[in-house]
Amino acid sequence: MNDKTLIIEVLCSILPTEDLLVGDDISEKYHQDWSGEKGGEISAVVMPRNTETISKVLKTCNELGCPVVPQGGLTGLAGGATPVEGCVVISMERMKGIIEIDGVSGTMTVWAGTPLQVVQEVAEEAGFFFALDLGARGSCQIGGNIATNAGGNRVIRYGMTRDLVLGLEVVLADGTILPMLNKMVKNNAGPDLKQLFIGSEGTLGIITKAVVKLHPKVNGANTAFVALDNFTGVEQLLVYAQQQLSGQISAFEVMWQSFYKEAVTEEGIRAPLSSDYPVYVLMEQQSANPSMQSGQFEAVLEYALEKGWVIDAAIAQTHSDAESFWKLRDSIAELLQRYAPTINFDISFPISSIGHCAEILKEIMNTRFVGIRAMFFGHVGDGNIHVVVGPVPDDTVALEIEAAFYEVVRENNGSVSAEHGIGLHKKPWLSYSRSSAEIQALKLMKQALDPKNILNPGKVQD
């Protein structure tokens, strides 16, 4: 009996037939995430309905030395959910739903397979606001968001996913269940173990439940789309707006001309401003009563116009206007198809270095990779820029572009992954952002929690 046959036989003995897929019943969707990275042959797909089932499966796989790859909504761009040869995939798609909302504590307890949009909508119905937001909200799962420490559109005000998680339930490689469903902001009863698993991409344990932090409900936002002559103006507007609006800026999205022109010409989106300016900013201030703060918001823009930081501006007068501004920013999903095959850079720098580094990266493309397009955009208010490069003719050129870009990241003390994780795609470049001592510490943690290396092997670091 070969290893694959054995693992299938054992899983069949402990799982209901309807919770297990093998052979031709394993559809193509389990073979890759949005990164397009092709994986190895899958022995079986398990679709558990509770934590205890995951515990049994992991205990079995650990004893047999069978690799396990957890999968959420499969919206990752770093290959973190790519199956490895002979693995058992644990799909979290059935472990979804809201377990509890605590209106006094301002928390929600959810199953890890719950789509992000569901968490957002249930929070709103209960009179709260869940701050994490990204374009894949309808497909991505909260467990995957936590496992990758997702960022998104509102990090500038509310922080990364890590800042929105109070407690977790996690299953370790040997099947041990860690019940860490803390609901308290203050809890210093020893080191905070949940932090080990946030951003670990399923390499240290599988997240099954989470307690997330809710914020008071917002009823709308003041939103503006502005054009600027240079990135110095972007920095000046950001600092001034944060000061004058007491840190209430909830989004500060930047689009260079390369992105803006593509969005308004290729996608036919209504252009709020001329496409002749070098850089654009989508700025938002969320609050319980936006109309009461609109004067202060507009005063910030008027001052920026007087100072010459901003050249032109459009302020949303209706909810429809604001949606059209965001449609521009969210058009990246469609634009990616026009650039395919692409390299999707997700990098970060100290905010004061972004303008300089962006110019270096543009120069690299214009002089060394003539004819290959590059679109620059990003959150920027939190130091994160994205660059979509394509069409890339072959793997050799792709590697040359990556090496050039990540060298700029290393030289300017940036990060090779701002919010998408490391997975498979960024693993060769991890040392550009982490010291050898840090990488060794990561290996020690992996050895301690997963000595047989069954959990998502080959991802993040070897």
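The legends below describe close-up views of a predicted model.

**Figure 1. Packing of helix 1 against helix 2.** Helix 1 covers residues 3-14 and helix 2 covers residues 51-64. The two pack at an angle of about 155°, and their axes lie 11 Å apart. Angles over 145 degrees count as roughly antiparallel, and helix 1 is therefore roughly antiparallel to helix 2. The crossing of helix 1 past helix 2 is right-handed. On the side of helix 1, the contact involves Leu-6, Ile-7, Val-10, Leu-11 and Ile-14. These residues meet Lys-56, Val-57, Thr-60, Cys-61 and Leu-64 of helix 2. Sorted by class, this contact contains eight nonpolar residues, one polar residue and one charged residue. An α-helix has 3.6 residues a turn, so residues three or four places apart point the same way.

**Figure 2. Packing of helix 7 against helix 9.** Helix 7 (residues 231-244) and helix 9 (residues 290-307) have axes 10 Å apart and pack at an angle of about 150°. Helix 7 and helix 9 are therefore roughly antiparallel to each other. Helix 7 crosses helix 9 in a right-handed manner. Helix 7 contributes Leu-237, Tyr-240, Ala-241 and Gln-244 to the contact, while helix 9 contributes Gln-296, Val-300, Tyr-303 and Ala-304. Six of these contact residues are nonpolar and two are polar, and no charged residues take part.

**Figure 3. Salt bridges of Lys-183 with Glu-100 and Asp-102.** The whole structure holds 20 salt bridges. In the salt bridge of Lys-183 with Glu-100, the closest N and O atoms are 3.2 Å apart. Lys-183 lies in the loop between strand 9 (177-180) and helix 6 (194-197), whereas Glu-100 belongs to strand 5 (residues 98-102); this pair links distant parts of the chain, 83 residues apart. Lys-183 also forms a salt bridge with Asp-102, where the closest N and O atoms are 2.8 Å apart. Asp-102 is in strand 5, so its pairing with Lys-183 ties together parts that are 81 residues apart in sequence. Lys-183 counts as partly exposed because its relative accessibility is 27%. Glu-100 is likewise partly exposed, with a relative accessible area of 34%. Asp-102, at 16% relative accessibility, counts as buried.

**Figure 4. The salt bridge between Glu-253 and Arg-329.** The side chains of Glu-253 and Arg-329 meet with an N to O distance of 2.7 Å. Glu-253 is part of strand 13 (residues 249-256) and Arg-329 is part of helix 10 (residues 319-330), so the pair ties together parts that are 76 residues apart in sequence. Both residues, Glu-253 and Arg-329, are buried. Elsewhere, salt bridges with shared partners join Asp-133, Arg-137, Arg-154 and Glu-284 into one network.

**Figure 5. The buried residues of helix 8 and their cover.** Helix 8 spans residues 257-265, and its buried residues are Phe-259, Tyr-260, Glu-262, Ala-263 and Val-264. The elements that cover these buried residues include strand 12 (220-228), strand 13, strand 14 (279-287) and strand 17 (373-378). Helix 10 and helix 11 (332-339) are also among the covering elements.

**Figure 6. Arg-157 and its contacts.** Arg-157 is located in helix 5 (residues 155-158). With a relative accessibility of 30%, Arg-157 counts as partly exposed. Leaving aside residues up to four places away in sequence, Arg-157 touches Gly-247, Gln-248, Ile-249, Ser-250 and Gln-286. Arg-157 and Ile-351 are 194 residues apart in sequence, and their C-alpha atoms are 15 Å apart in space.

**Figure 7. Two cis peptide bonds.** Ala-340 and Pro-341 are joined by a cis peptide bond, with omega about -5°. Pro-341 lies in the loop between helix 11 and strand 16 (343-348). Another cis peptide bond joins Gly-390 and Pro-391, and its omega is about -10°. Pro-391 lies in the loop between strand 18 (384-390) and helix 13 (395-411).

**Figure 8. Positive phi values at Asn-149 and Asn-453.** Asn-149 is not a glycine, and its phi is positive, near 50°. This residue, Asn-149, is found in the loop between helix 4 (142-147) and helix 5. At 13% relative accessibility, Asn-149 counts as buried. Asn-453, which is not a glycine either, has a positive phi of about 55°. Asn-453 lies in the segment after helix 14 (436-449). Its relative accessible area of 39% makes Asn-453 partly exposed.

Notes: Residues are numbered from 1 along each chain as its sequence is written. This is a predicted model: local features need pLDDT of at least 70, side-chain atom pairs count only at pLDDT 80 or more; totals for chains, interfaces and linings use all residues. Side-chain values use heavy atoms; hydrogens and water are left out. Axes are lines fitted to C-alpha atoms, for helices over the stretch in contact, and angles run from 0 to 180 degrees between N-to-C directions. Helices (H or I, at least four residues) and strands (E, at least two) are DSSP runs, numbered from the N terminus. Angles under 35 degrees count as roughly parallel, over 145 as roughly antiparallel, 65 to 115 as roughly perpendicular and the rest as oblique. A crossing is left-handed if the near helix is turned anticlockwise from the far one by less than a right angle, and right-handed if clockwise. Contact means heavy atoms within 4.5 Å. Ala, Val, Leu, Ile, Met, Phe, Trp, Tyr, Cys and Pro count as nonpolar, Asp, Glu, Lys and Arg as charged, and the others, Gly among them, as polar. A salt bridge is a side-chain nitrogen of Lys or Arg within 4 Å of a carboxyl oxygen of Asp or Glu. Buried means under 20% relative accessible area, exposed over 50%, partly exposed in between (1.4 Å probe, protein chains only).
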